[in-house]
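Colleague: I'd like to learn how you read a model like this one, feature by feature. Could you take me through it?

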Amino acid sequence: MGEYALLYILFAPFAGALALIFVSNRQPTLVRGIAASVAFVSLVASLYIFYGYDTVQGGFQFVQKFAWSKELGIALYLGVDGIGTPLVLASSILLFAGIFVSWHIKDRAKEFYIWLLILAAATIGVFMSLDLFFLYFFYEMSVIPMYLLLGMWGSHTKKYLEMTDSEGLKRRDSVGFIFNFGSNSKEYAAMKLVLFLSAFAVAALMGILLIYKFSGLNTFDILVLREHANLMNIPVLGTTLDKIIWILVFFGFASIAPIWPLHSWSPVGHAAAPAATSMLHAGVLMKLGHFSIIRVAFEILPETTRELMPIAAVLCMFSIIYGGFVAFYAKDTKYVIGYSSSSHMGYVFLGMAALNYISLSGAVIYMFAHAMATGMLFAMAGWVYDQTHTRDIPSLGGLSNKMPFISGCFIVGCMASIGMPGTVNFVAEIMIVVGSWNKYPLQVIVAMLGIVLTLAYLFKMMRGLFYGPMNQKYSHAHDAVGTVDRLPLLMMITISIGFGIFPMHLYEVVRSGVDPLIARITHVVPVAESDEGSRSVKAAAEITQPPAIPMVSNKPIAQVSEASRGGQE
Amino acid sequence: MNFVLNLSFSDLLLLLPEIFLTCWLCVVITVDFVSPRLPKERLAYLSVGGLLVTLGCLAWFDVNQVSGTLFGNMFVLDRMAIFFKIFILGSTVLVILASIEYVDRFTLFRGEYYALVVMSALGMMFMASANDLLSVFVSLEFSTLGFYILVAYLRNDLASNEAGLKFFILGVFAAGLFAYGISLVYGETGKLVFSDMASAQATPGLIIGFLLIFAALGFKIGAVPFHSWIPDTYHGAPTPVTAFLSIAPKGAALAILLRIFIVALGTFKPTWIYLIVAVSIVSMTYGNIVAIAQRNIKRLLAYSGIAQIGNLLIGLAAGTKMGNDAILFYLLAYLFANLGAFAVVIAVSQAIGRDEIEDYRGLGRRSPFLAFSMLLFLLSLAGVPPLAGFIGKLYIFIAAIKEGLYTLITVGLINIVISMYYYLIVVKQMYINEPIDPSPISIRGPMKAVIYVGLAGTLVIGIYPQPFTDWVVAATLMFANFVTPAATITPPTVLIGS
């Protein structure tokens, strides 16, 4: 069974979606049951690959390959490395949690679960694709379900109703309305999201097609293409082709990440989406960007990555600061969390830009950690919205009387999002900060400022929602009391804190994926004195770890950084 | 030029599908004439039966690789011709099934409707096999004759009459251009068979002649700047006829374009590539941008069809075998998605009586099946994975990038995003907006069957394209072999069986 684990993870949600088509909406229990059980299958199989992943051996494991089109050189080629494994796990955790978070959806529940399952399966598909075609295939496939999820089950923001006539007929359907950038409708959010992501996705597709052509191998296989990356180093248009491809791929995928100037679709989309969709969107969909950049740009064009990655280092500062400030001034719970997410994604870019063993591992762990933290926050924002039907922070307050459990969990969520010691976010943040200090001190200072900002806006929101005088209008609001409502939150909290206290396995898995990648990009092995080739990489990874929280000890890190800087010069 | 008309029995076998269909056409007309009280639905099934038999015959030809030429190379039966014949007949079957209910709207001549559809299909089958400018001309006019009548079939509807008139005037004009083009080409080269022209010199007369021929065929496929009839005709014509018009003639005309540009003008590729690239870019961009402003679903699909033709021409611009494969593959994907979308349009218009996009409000609640089908068809047209249209577009892009057509691909990719917008506007109406009249919409059996076929095609080609790519590769392989000089100087012997 073990070797087929990836197929179970990927196809269980698809099979569930297919089965749901034949179930009537009049049987809500059956609908939810099918959705939850296929998500459970995915979750169990993800846990299996996460703990079954052989960190000593490293590389791509659980590999499955099926020829798909001979003429085009496409194979359904699945496999996970140390970078994909935690992200697959995060996706299935959030899918499972998301199904319980949306347990009370009444309107067209069947269709909701179908699209949610397809969305999750498509993101999982990206994380395990070793074929450029299928990477793009699943990437693009994840966009359309977002449109329907936002459009059908989403919500408008506060100013929406003032903008339409009483029946909401005329203006909502006009072209001008969709392109009215001040509007706050869910239709606008959904359309903007799809067009934005598609526009940049086709840029990435152009990059992929150029790789396909200039490798001349008639294959989309990443593992084959990465051995022939030097073929693309030819002059064109006053620069070299690999740089053009890299820019196309980087910005094509960075739009979903979202990096600073391309972020505007994201908070709007977060705000309009139903809770479970926001969770998947912020939790894993945004990571598709980072992951695809690592998979395509880092793997296939390592030399170019080393030259051009400083672009990300510059842009990530704007992401962190801009997102943080907007989140501080936003008055809508979901906008706060949405902008906080796009701000936090700046840390991942910082960790990726430093091109260092510690920082890139930190970036990958941060993706996992952020998925849990932001998943919790969106789930709770969704709960508050369901109870009060508003997301306007100033009009809320004092809800901790009515919902002590939620408010307690919210504190944990905020702590995780800030990166308190004890949560996995702390491990990740400290690794990013320590790993990139030598190369990008300014960015690290900005990141620190960003953490302070996170503290400020999350506490401001927490106070606004749960403390202070309560608006009597919301006295009917009640707490999450049922197992179904508490389960997703408790699960995400457990995972966040569990990996915060015992990060070793996660760290080793990630490290086994990061090590060969960084070795190819920077041409240095993790520790200066090692001289035995690839096996020493593993040995070095073990040396660098003090027992409890790995990256606090400074000495080995300094060595690594020195080494990687040496490689740059 | 010697026309050898000593037809043997085995030669006639090559014509068997056409001969059978001609006889069947007479049977349909006669049955209608003899028993006027027969429900017209029976006539539809009678026609479908004949078409299915013909399809079976063609499938047998395809499996056994029957090929050969007739009438001094005027008529050629290679695997590409067989592919296009299957394509045309398949779309005819689906169109007839989809029009069974719609036919009740016609006041007169309900029985002849089916005969005319079959007649047009017959003309297009000859187009797929035409290997000579004269036979192209004759078969083109033969098939268009049926369409002139069909487009104006709603006698009391002004829009339909206008559509018919517009289509007729422009169609005759295109025929005139075509005839003039033929005369110039024949005057310059003294040849009519495509494969004989490969060695021609590029004289001004020849260039103008082929430009005129291209204009006439551009009219048939509806490429910009020859598209002006498309929106009004699609809008006014009876919807099943629109569906038919949007698929089958395009396929048949593309078969001719392939034969002309790859076979006859293969050596001039460095010259004509600019023409095709320009027409392709303009068609895609114009079609997609104008489609944004449409309020009528038929007009929207008309403009989207113009854009799709731009996409198909990318494959022609590539000019390689892979480009031809991609065109054939894309046509298959387009057949299922476009016919499916039109089937939904027919079903909705049967229930509501109108074709405006705002009439699709809340279709997701009124008929989840129709809305879901329409969603998949539109997304396939837009090129979203895992649907057939995505693979088709990618196939074409890959064929083009191998030839280094970067500008064309960039424009094509940008157009995917533009087209996403207007397709999603329909999706928004269906799913996001609430219905004004929430009464459910019911659909009848034949229509359901058409939609199921469309869904199956769209999904199967998208998820498992290997058998279909094999088929199109084999189809153009025979075609490619056939165009080599050796094969055309001495006409190959007729092969029956393998």
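Colleague: Let me start with the cysteines: how many disulfides are there over all chains?

Modeller: A disulfide is a covalent bond between the sulfur atoms of two cysteines. This is a predicted model, and the count over all its chains is zero. Take A:Cys409: the closest cysteine sulfur belongs to A:Cys414 and lies 11 Å away, so the two are too far apart for a bond. In chain B, B:Cys57 is likewise in no disulfide, with the sulfur of B:Cys23 the nearest at 12 Å.

Colleague: Are those two cysteines, A:Cys409 and B:Cys57, buried or exposed?

Modeller: The cut-off for buried is under 20% relative accessible area. A:Cys409 has 5%, so it is buried. B:Cys57, at 17%, is buried too.

Colleague: Let's turn to chain A as a whole. How many helices and strands does it have?

Modeller: Chain A has 25 helices and four strands. Of its 569 residues, 67% count as buried. The chain exposes about 18400 Å², and carbon and sulfur atoms supply 65% of that area. Look at the contacts as well: among those in chain A with a separation of 6 or more, 80% are between residues 24 or more positions apart.

Colleague: Now the strands. In which sense do strand 1 and strand 2 of chain A pair?

Modeller: They pair in the antiparallel sense, over six bridges.

Colleague: Which residues of strand 2 of chain A lie on each side, and are they buried or exposed?

Modeller: On one side are A:Ile74, A:Leu76, A:Leu78 and A:Val80, on the other A:Ala75, A:Tyr77 and A:Gly79, and all of them are buried. That covers both faces, with seven of the seven residues of the strand buried.

Colleague: What about phi values in residues that are not glycine? What is phi for A:Phe62?

Modeller: Most residues other than glycine have a negative phi, and most peptide bonds are trans. A:Phe62 has a positive phi of about 55 degrees. This residue is in strand 1 of chain A and is buried, with a relative accessible area of 14%. A:Asn218 also has a positive phi, near 55 degrees, but its place is in the loop between helix 10 and helix 11 of chain A. At 31% relative accessible area, A:Asn218 is partly exposed.

Colleague: And the peptide bonds: what kind joins A:Ala257 and A:Pro258?

Modeller: A cis bond, with omega about -15 degrees. A:Pro258 sits in the loop between helix 12 and helix 13 of chain A. Chain B has a cis bond between B:Val224 and B:Pro225, where omega is about 5 degrees. B:Pro225 lies in the loop between helix 8 and helix 9 of that chain.

Colleague: How do I check a helix? What should helix 3 of chain A span?

Modeller: An α-helix has 3.6 residues a turn, so residues three or four places apart point the same way. Helix 3 of chain A has 18 residues, and at 1.5 Å a residue it should span 26 Å; the end C-alpha atoms are 25 Å apart, which agrees. Helix 4 of chain B, with 21 residues, should span 30 Å, and its ends are 30 Å apart. Both are mostly covered: 18 of 18 residues are buried in helix 3 of chain A, and 21 of 21 in helix 4 of chain B.

Colleague: Finally, the core. Which residues touch the most other members of the largest nonpolar core?

Modeller: In soluble globular proteins, nonpolar side chains tend to be buried together. Here the largest nonpolar core holds 419 residues, and A:Ile99, A:Phe133, A:Phe298 and B:Met430 touch the most other members. Helix 13 of chain B gives the largest share of this core, 22 residues. Leaving out residues up to four places away in sequence, A:Phe298 touches, among others, A:Ile293, A:Met309, A:Leu355 and A:Ile521.

Terms used: Residues numbered from 1 in each chain as written. Chains lettered and ligands numbered in written order. Predicted model: local features only at pLDDT ≥ 70, side-chain atom pairs only at ≥ 80, totals over all residues. Heavy atoms only, no water. Buried < 20%, exposed > 50% of the residue type's maximum accessible area, 1.4 Å probe, protein only. Helix = DSSP H or I, 4+ residues; strand = E, 2+ residues; numbered from the N terminus. Pairing = 2+ DSSP bridges. Contact = heavy atoms within 4.5 Å. Areas by Shrake-Rupley, 256 points an atom, 1.4 Å probe, with all protein chains shown as cover. Expected span 1.5 Å × (residues − 1). Disulfide = S-S within 2.5 Å. Core = buried A, V, L, I, M, F, W, Y, C linked by side-chain atoms within 4.5 Å.
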